[in-house]
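Student: I have a new model on screen. Can you show me how to read it, one feature at a time?

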Amino acid sequence: MRAADALVNEMARRGVEVVFGIPGGASMPFYDALKDSDIKSILVRHEQQAVHAAEGYARIKGRPGVCSGTSGPGATNLITGLVDAYMDSIPVLAITGQVVRSFMGTDAFQEADIVGLVLPHIKYAVTVKDPNRLIQEFVNAYSVSMNGRYGPTLLDIPRDVLTEDVKKAEDIQPEPLFNRPPPEPDIDSIKQAAKLVVDSEKPVILVGGGAVYSMAGREILQLAEHIAAPIVTTTMGKGAVPEDHPLVLGVVGMHGRVEADLAIIESDTVICVGTRLSDRAIGPAKEFEKGRKVIHIDVDFSEFGKNVKPSISLPGDARKVLAELVEYIKHLIPRRPESKLAQKLHDIGSAYEEYMMSIDDGKVLHSWKVVSILNEILPHDTIITTGVGQHQMWAQLFWKTRTPGSWITSGGLGTMGFGLPAAFGAKVAAPDRVVVDLDGDGSFLMTCQTLACVTDYECPVITVIFDNRSLGMVKQWQDMFYSKRYKDVEYNDRTDLLKLSEAFGVEAFRAETYEELSNIVRRAVRTNSAATIDVPVDKGELVFPMVPPGKWLQDVKLPPGFDLTQRMINVSRMV
Amino acid sequence: MKFVLHVVCVNSADAVAKMMLAVKQGNLSIESVNIHSIDGGSRLSAVLLLSGEEGKGEWLANKLLNFPYYQSASLMKTKE
């Protein structure tokens, strides 16, 4: 059997349904084999979109997304997406073609050392030179992307390897190094952590992306309800728990909810679940460590102490560790009464929202109000993706994720252009759900060719463009930290986003009012149609709250005119 | 701080390259690296003498074990 056919057979056997990619000279035998299989190949317009689509697909399906590119530029175009997947721990398998073995190392046409290029930012990458190892290497790479801490892998296959004959594969399992069991919860450490939690007066639970992957939402809520602890999330942890729960305060950090930042400031113990405690989430680690105990739960040992020194580290799968922790705490103390602190913090959050709504003078459209309206009219299980920039921050501030796992964004790498292809991949994974990409005009223009796939494959994604004709977040930093010396942050008005969308076959609208926006979105949802909606938002908008880079959460800059002083005094008196 | 790290990995240039890239990521300086093949050439044994911030040696040992190139990575000794 031809190696390419054996590979595709094994892929199908493992449950691969879709490959996002572009064929080329070196990967032609692979595509030839795909032609005879039930695996659907989706022809994207640039390989970066293939990886982001695979990321969106993986996030929804809970299994690896597969993407492909040919040798040389096809492979190198995958890199940004692979690094994105690495930073956000998303299981993606990239299959790249490579020049024939006898040409390797000769600077042959379309030869690039893709394995060498991706090594710092990938879980596993290999060039398969022995055809008889191909299926084993596929099984290894596919399995290890979801073993322990999730991440991307890459299989680089010379064209002549794909065309050689190999024996039919029989029940191949991942080799031991690719199938390490995750650490089991350490009961002694859990008992110590439980004691720490019950001794604390103001515990807070900080939830990261690892909790989403572990599907630990139920256990987090059980813990929070038993000890009456507010829950805050990182950008990646958003949606691990439903954000309409009374103990959930939203995203913390540089552009976090004011009540979430306050919860951390006020805390004496933070239970960190599946988070790498990045500077964007907690500010300077030294400030975070000061005056509070830190319990850190993570499947990746190397996260303990990397940024923050934990008082107690609890290695293992977040869901399993939390389940044990909850049980031990229940043995130690009865359920605590309702959290007055959480209620007060919620009131502050409501005051912030009311204030933001009150500064709408009706002359221009405001991003936060656009997100709030979408929040009201979209179904609760809508999958939201975003680009990167101001609109992403408005979305994390005002969108309430109610169905776990339905918030998909580029948190670690901050990849502009992520939103639309990720939305497309999510829609391929969940054709029956509404998928909305909340995008910026800058981000949209980076990967807008994905609309061609939306049309070709009848995957009706709704794209809402927060159109400020600028690179808004860069402009905001120039405004705040570079004395308003704007440079290369404004786009001209000559790029017609509506015509652009229609050129790809996706109906496009310009919403000049909130009512028009509501009507267009409602119609697109009702008719299950693709739509691109250009929303001209205030060009001068700055996203607040904002914690300046390198500063502690307490140094947060609030929207001009929103006074928190009195409310903070009240909070500090509460236990 | 100085660290001595013992790593056993598959015999491939990728494994060695990734290990050195992780050293770089940890902002560690190299004092010496000694690598030789073991088990008839199927695996490599590496001893790294590194210097850097406190805790980084432990971080590196744990980090490497996330990747399937490495069978073991143990911090043998640390010194001020």
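Tutor: Start with the record. This model is predicted. An unreviewed UniProt entry places "domain: Thiamine pyrophosphate enzyme central" at residues 190–325 of chain A. Over residues 190–325, chain A is 39% helix and 20% strand. The end C-alpha atoms of that stretch are 6 Å apart.

Student: Which residues of chain A does the annotation "domain: Thiamine pyrophosphate enzyme TPP-binding" cover?

Tutor: Residues 387–535, again according to an unreviewed UniProt entry. Here chain A is 44% helix and 15% strand. The end C-alpha atoms are 15 Å apart.

Student: Now chain B. How many helices and strands are in it?

Tutor: Chain B has 2 helices and 4 strands. Then read their order along the sequence: β-α-β-β-α-β.

Student: Why is chain B as compact as a globular protein of its length?

Tutor: Compare the radius of gyration with the globule rule. Chain B has 12 Å, close to the 12 Å that the rule gives for 80 residues, so chain B is that compact. The C-alpha trace spans about 35 × 20 × 15 Å along its principal axes. Of the 80 residues, 34% count as buried.

Student: How many residues does each chain give to the contact?

Tutor: Chain A gives 19 residues and chain B gives 13. Next, ask which elements take part. On the chain B side, helix H1 (13–25) and helix H2 (56–64) each give two or more residues. H1(B) gives the most, with 5 residues.

Methods:
Residues are numbered from 1 along each chain as its sequence is written. Chains are lettered from A and ligands numbered from 1 in the order in which they are written. This is a predicted model: local features need pLDDT of at least 70, side-chain atom pairs count only at pLDDT 80 or more; totals for chains, interfaces and linings use all residues. Two residues are in contact if their C-beta atoms, placed from the backbone, lie within 7 Å. UniProt positions are given in the numbering used here, feature names are shortened, and annotations may be inferred rather than shown by experiment. The radius of gyration is taken over C-alpha atoms; the globule rule is 2.2 Å times the number of residues to the power 0.38. A residue is buried if 20 or more other C-beta atoms lie within 10 Å of its own, exposed if 12 or fewer, and partly exposed in between; C-beta atoms are placed from the backbone.
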